[in-house]
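Here are some notes on the model, written as numbered points.

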Amino acid sequence: MTIDNKNTSNTAKRRIHIFDTTLRDGEQAPGASMKPEQKIVIARQLARLGVDIIEPGFPISSPGEFQAIEQISRELQGTEICGFARCVKADIDAAVAATQAAARRRLHLFISASQIHLDFQLRKTQDQVIDMVRSMVAYGKQFVDQMEFSPMDASRSSEEFLLRVVEAAIDEGATIINIPDTMGYALPEEFGPLFTRVREGVRGGDKVIYSTHCHNDLGLAVANSLAAIRHGATQVEVSVNGVGERAGNCALEELVMALETRGESLGVETGIAVDQIYETSRIVSRTMHFPIAYNKPIVGRNAFQHESGIHQDGLLKNRNTYEIMDPEAMGIPRSMIILGKHSGRHAIKHRVAEFGVELSEHEMEALYIRFKEKADELKIVTDDVMLELVGEATDAHVQPFALVDLQVLAGSQKSRIASVTIHRSEDGSENTYTGSGEGPLEAVINCIRQAMPVDAVFEDLELHSLSTGEDASGEAVVSVISGGERYRGTAIHKDIILAAARAYVSACNGAVIAGRNAEAQRAELG
Ligand code: KIV
Ligand code: ZN
């Protein structure tokens, strides 16, 4: 995608540093707290993603947190590590000790700057806060060269006091000034110019790096971060999937893709490995048990899906008609056009061709009529249903395997027992498999696995309720890894175990078909 920009295309781009706080501020999201070993997994992925700075937690908060930060500092020698601390000696000591092994590190000190926080939370006067900032920045500066300072709730602070507190921090050696919109209250047109006024209004203000840290209470975190960048900020604090307190932080993937997609207009660039974005989002969502909204920009399930027949038709002719970014470049699987009642013949034919089936005109018409009836009934026509319809329209067996029957005993006993009957289209056979597991789904998957000729490792299951009430249907999206590739299957049913089992069979079918196609190609080549 090329976006015309007459102003900046020949000028060198400003490098924006991505400061990731998923493991610190992100973890402050209700219910998102992680075990140390989970933090380490995420930190490794953040390093692969190419973030410039990782804030791995709050070292003073617990021994487990301290150890996780220590290990991340030791292991990730290519990434700058940030120790987070209040303006309190014990916090600084813990942050210094936890990040000791980092190849590059900084300290990040913060203190409230708004009057409401001073009066009701800190119960300190402005002069007392200035004294704390001076003494603690000076104290921390003995240990590190890079010192970041954040006046918390800056966007709701009196500008006079904000300038005073920032000047005090710079005087004592702060090298990075982070201006947070802690409550997500600012508007872009006021937040951006604040950076210019701080830089110009503070002694030493032209010698430091500016950073921004925006919360998303009004849905403006990305817009406010972009405004800060336009006014000179070269560091942006973000979290993966936008996780964080309340409505969360500025979402890494949204900000980065705004900079990637409109970088020419903004005259900036980042060092992010865009192809790692989707994987990172999935790992964080899974580890934090934090589902992603369907319509979440970039990483939401619908972000690159098109249901309208007009859009699907345009896309299949040229993707740029209705896409401003290339999902594959971010590691997002392409096969995600949603088929429903708005879908046209072109999209249906395309999806069927993806399963290696070519339809005559007559078969296509028969399929189209059945498809529209099903779409009215189900809203979304998932792959397993689509393949059944293709089978009805063509008398062909396009699904290598189909789930015929499933029985599972769930209860308070430790082991769940299941029995699953699978139809194999190649020879028309039906076999029943039995298995057990700690939960009913595990028991069912253990049965299905026995029927499959491929090794399909169950990677992920997402369950969504498609309506409310007792008779709600559940949609299951399952991904499996086979031969190093990821295959997805979806299915909908009122019984969520059945939906998950069908989705698993559908994902395995994808792996089987891919294997057969590869074999056929090899045979053709001789
Ligand atoms: O939101 C906030 O103000 C913060 C700071 C401590 C940087 O998380
Ligand atoms: Zn924050």
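1. His464 counts as buried because its relative accessibility is 16%, under the 20% limit for that class. The model is predicted, and this value is computed from it like the others below.

2. The residue sits in strand β14, which spans residues 457-465. Leaving aside residues up to four places away in sequence, His464 is in contact with Tyr294, Ser473, Gly474, Glu475 and Val477. Between His464 and Ala94 there are 370 residues of separation along the chain, and their C-alpha atoms are 42 Å apart.

3. The domain assignment gives three parts: domain 1 (14-288), domain 2 (309-394) and domain 3 (401-524). For domain 2 and domain 3, the distance between C-alpha centres is 22 Å. Seven residues of domain 2 and eight residues of domain 3 make up the contact.

4. As for salt bridges between domain 2 and domain 3, the count is zero.

5. The zinc ion (ligand 2) has three donors listed: Asp25 through OD, and His213 and His215 each through NE2, at 1.9 to 2.1 Å. Along the chain these donors follow the pattern D-x187-H-x1-H. Asp25 lies in the loop between β2 (17-20) and α1 (36-49), whereas His213 belongs to strand β8 (residues 209-214); the pair is 188 residues apart and links distant parts of the chain. Asp25 and His213 are both buried. Water is not among the atoms, so the site may look incomplete.

6. The largest nonpolar core has 88 residues, and within it Phe149 and Ile177 touch the most other members. Helix α6 (residues 159-171) supplies the largest share, eight residues. Domain 1 (14-288) and domain 2 (309-394) each contribute at least three residues to this core. In soluble globular proteins, nonpolar side chains tend to be buried together.

7. Which residues does Phe149 touch, not counting those up to four places away in sequence? The contacts of Phe149 are Cys87, Leu109, Ile111, Val133, Val137, Val165, Ala169, Ala174, Ile176, Ile177 and Asn178. Apart from the core of 88 residues lies another one, with 33 residues, including Leu403, Val420, Cys447 and Ala507.

Note on methods:
Residues are numbered from 1 along each chain as its sequence is written. Chains are lettered from A and ligands numbered from 1 in the order in which they are written. This is a predicted model: local features need pLDDT of at least 70, side-chain atom pairs count only at pLDDT 80 or more; totals for chains, interfaces and linings use all residues. Side-chain values use heavy atoms; hydrogens and water are left out. A nonpolar core is a set of buried Ala, Val, Leu, Ile, Met, Phe, Trp, Tyr and Cys residues joined through side-chain atoms within 4.5 Å. Buried means under 20% relative accessible area, exposed over 50%, partly exposed in between (1.4 Å probe, protein chains only). Helices (H or I, at least four residues) and strands (E, at least two) are DSSP runs, numbered from the N terminus. Domain bounds come from an automatic or database domain assignment. Contact means heavy atoms within 4.5 Å. Donors are N, O and S atoms within 2.8 Å of the metal (3.2 Å for Na, K and Ca); water is not among the atoms, so sites may look incomplete. A salt bridge is a side-chain nitrogen of Lys or Arg within 4 Å of a carboxyl oxygen of Asp or Glu.
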